[in-house]
Amino acid sequence: MNTVLTKPAKSSSKLRDKFNSKRDLAPERVGEILKRLAATYPNAECALHHRNAWELLVATILSAQCTDVRVNMVTPELFRQFPTPKAMSEASQPALEELIRSTGFYRNKAKSILGAAKKITHDFGEKVPRTLAELTTVPGAARKTANVVLGVAYGLAEGIVVDTHVLRISHRLHLTQATEPKQVEQDLIKIIPKNHWIAYSHEVIHHGRQICIARKPKCAACTLETVCTSGDKTWSSD
């Protein structure tokens, strides 16, 4: 019987983890990362259940510090009772709080949702705005939330959604050195083609949940492992 020899993995301590803009931000490397993400997650999409832009906006507000699974458990009854921005604008805050209590921070979230419903009803004719400038005037719709709604509901690439997964993985891949979401987004916009802005977030979020987890990334199963030189890798093929 022939014995198949495998190369032992190097310790992660031997990996270089020093940012080099010329090497790490080279178009060829960025393109390879995007190619592998697209191949690995061809059907990546937003995990929040919604039927329209309004429902997505509310669900995204509720998703702060909460799992998408929990949000998806709460929204059916919320939208059954208050199906439109106008209907929700007429709800009492205590009623909304009770419906969304299990998502955490429910008082602040209820206040934001109520404010968003009133703003969209009174200023935008019950239509969720289609521009970043207008959408970010809506209570609860900061840039990240606005990018989610514009990208998912309308297919408009106004920016790149930067959540904890996107921030962590973009940092590990040396696509940015920034630690603040706003600056991370600006860094990514400079190197990622606009036609991949929406997909990049979806793919990286899926990757962060399944493989590149925060405490102990599953590097041995990662399709990006050979183009990643993060210092906290748990396994290396080099």
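A residue counts as exposed when its relative accessible area is over 50% and as buried when that area is under 20%; between those limits it is partly exposed. By that rule V69, at 58% relative accessibility, is exposed. V69 sits in helix 4. The model is predicted. Its largest nonpolar core has 39 residues, and helix 3 gives the most to that core. The structure holds zero disulfides.

**The largest core**

- In soluble globular proteins, nonpolar side chains tend to be buried together.
- Here the largest nonpolar core counts 39 residues, and W54, L78, M88 and I100 have the most contacts inside it.
- Leaving out residues up to four places away in sequence, L78 touches V58, L62, M88, L96, L99 and I100.
- Another core lies apart from this one; it has 28 residues, including V166, I169, A178 and W197.

**Helix 3: buried or exposed?**

- Helix 3 is mostly covered, with ten of its ten residues buried.
- The buried residues are A53, W54, E55, L56, L57, V58, A59, T60, I61 and L62.
- The cover over these residues includes helix 4, helix 5 (85–89), helix 6, helix 7 and helix 9.

**Helix 3 against helix 9**

- Two packed helices are described by the angle between their axes and the distance between the axes.
- The axes of helix 3 and helix 9 come within 10 Å and cross at roughly 145°.
- The crossing of helix 3 past helix 9 is right-handed.
- Helix 3 brings A53, L56, L57, T60 and I61 to the contact, and helix 9 brings T145, V148, V149, V152, A153 and Y154.
- By residue type, the contact of helix 3 with helix 9 has nine nonpolar, two polar and no charged residues.
- An α-helix has 3.6 residues a turn, so residues three or four places apart point the same way.

**N147 in helix 9**

- N147 also belongs to helix 9.
- N147 counts as buried because its relative accessible area is 5%, and the limit for buried is under 20%.
- Beyond residues up to four places away in sequence, N147 touches L132, E158, G159, I160, V161 and E185.

- A disulfide is a covalent bond between the sulfur atoms of two cysteines.
- The sulfur of C66 has its closest cysteine sulfur in C46, 13 Å away, which is too far for a bond.
- C66 is buried, because its relative accessibility is 19% and buried means under 20%.
- C228 is in no disulfide either; the nearest cysteine sulfur, in C219, is 6.4 Å away. The cut-off for a disulfide is within 2.5 Å.
- C228 has a relative accessible area of 11%, so C228 counts as buried.

**Positive phi in two loops**

- F105 is not a glycine, yet its phi is positive, near 50°.
- F105 lies in the loop between helix 6 and helix 7.
- At 54% relative accessibility, F105 is exposed.
- E126, another residue that is not a glycine, has a positive phi of about 70°.
- E126 is placed in the loop between helix 7 and helix 8.
- E126 is partly exposed, at 32% relative accessibility.

- K119 is in helix 7.
- The relative accessible area of K119 is 25%, so K119 is partly exposed.
- K119 and V138 are 19 residues apart in sequence; their C-alpha atoms are 6.2 Å apart in space.
- Contacts of K119 are F124, T137, V138 and P139, not counting residues up to four places away in sequence.
- V69 and H122 are 53 residues apart in sequence and 31 Å apart in space, C-alpha to C-alpha.

Conventions: Residues are numbered from 1 along each chain as its sequence is written. This is a predicted model: local features need pLDDT of at least 70, side-chain atom pairs count only at pLDDT 80 or more; totals for chains, interfaces and linings use all residues. Side-chain values use heavy atoms; hydrogens and water are left out. A nonpolar core is a set of buried Ala, Val, Leu, Ile, Met, Phe, Trp, Tyr and Cys residues joined through side-chain atoms within 4.5 Å. Buried means under 20% relative accessible area, exposed over 50%, partly exposed in between (1.4 Å probe, protein chains only). Helices (H or I, at least four residues) and strands (E, at least two) are DSSP runs, numbered from the N terminus. Contact means heavy atoms within 4.5 Å. Axes are lines fitted to C-alpha atoms, for helices over the stretch in contact, and angles run from 0 to 180 degrees between N-to-C directions. A crossing is left-handed if the near helix is turned anticlockwise from the far one by less than a right angle, and right-handed if clockwise. Ala, Val, Leu, Ile, Met, Phe, Trp, Tyr, Cys and Pro count as nonpolar, Asp, Glu, Lys and Arg as charged, and the others, Gly among them, as polar.
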